[in-house]
Amino acid sequence: MANIKSQIKRNRQNEIHRQRNKSTRSALRTRMKKVIEAAETGDTDAAEDAYKTAAKALDQAAAKGVIHRNAAANKKSRLARRLNPPG
């Protein structure tokens with residue numbers, strides 16, 4: 001347990017940020033899952049809409065520092081390939 005006032009405050013902040021980041025990552029996984037499910041059923045309109053919301057959420061999470069921006073770009077790329085397979 002910290003004795004220093006600034007460290008006690010920092011611990012409080014870290015816990016709040018940890019919970020917010022956990023919630024955001026969980027929502028990201030759900031949005032990406034919706035894209036994959038829509039792509040597998042063949043519903044292109046629903047898949048496109050789901051991809052747009054997932055891509056926006058990934059970009060926002062990267063901007064907030066929840067995930068790295070390259071990780072967000074990789075995830076968006078993989079989802080896009082599921083929608084438009086090469087070849």
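## Helix H1

The expected span of a helix is 1.5 Å times one less than its number of residues. Helices are DSSP runs (H or I, at least four residues), numbered from the N terminus. H1 has 37 residues and should therefore span 54 Å; its end C-alpha atoms lie 55 Å apart, which agrees.

This is a predicted model: local features need pLDDT of at least 70, side-chain atom pairs count only at pLDDT 80 or more, and totals for chains, interfaces and linings use all residues. Residues are numbered from 1 along each chain as its sequence is written, and side-chain values use heavy atoms, without hydrogens and water.

## Buried side and end of H1

Leu-28, Met-32, Val-35 and Ala-38 of H1 are buried (under 20% relative accessible area, 1.4 Å probe, protein chains only). The buried residues of H1 pack against helix H2 (44-64) and H3. Contact here means heavy atoms within 4.5 Å. Just after H1, Gly-42 has a positive phi of about 90 degrees.

## H1 against H3

H1 (residues 5-41) packs on H3 (residues 69-83) at about 15 degrees, with axes 9 Å apart. The two are therefore roughly parallel (angles under 35 degrees). Axes are lines fitted to C-alpha atoms over the stretch in contact, and angles run from 0 to 180 degrees between N-to-C directions.

H1 gives Met-32, Val-35, Ile-36, Ala-39 and Glu-40 to this contact; H3 gives Lys-75, Leu-79, Arg-82 and Leu-83.

## Ala-80

Ala-80 sits in H3. Its relative accessibility is 26%, so Ala-80 counts as partly exposed (between 20% and 50%). Ala-54 is 26 residues from Ala-80 in sequence, and 11 Å away in space, C-alpha to C-alpha.

How values were computed
Angles under 35 degrees count as roughly parallel, over 145 as roughly antiparallel, 65 to 115 as roughly perpendicular and the rest as oblique.
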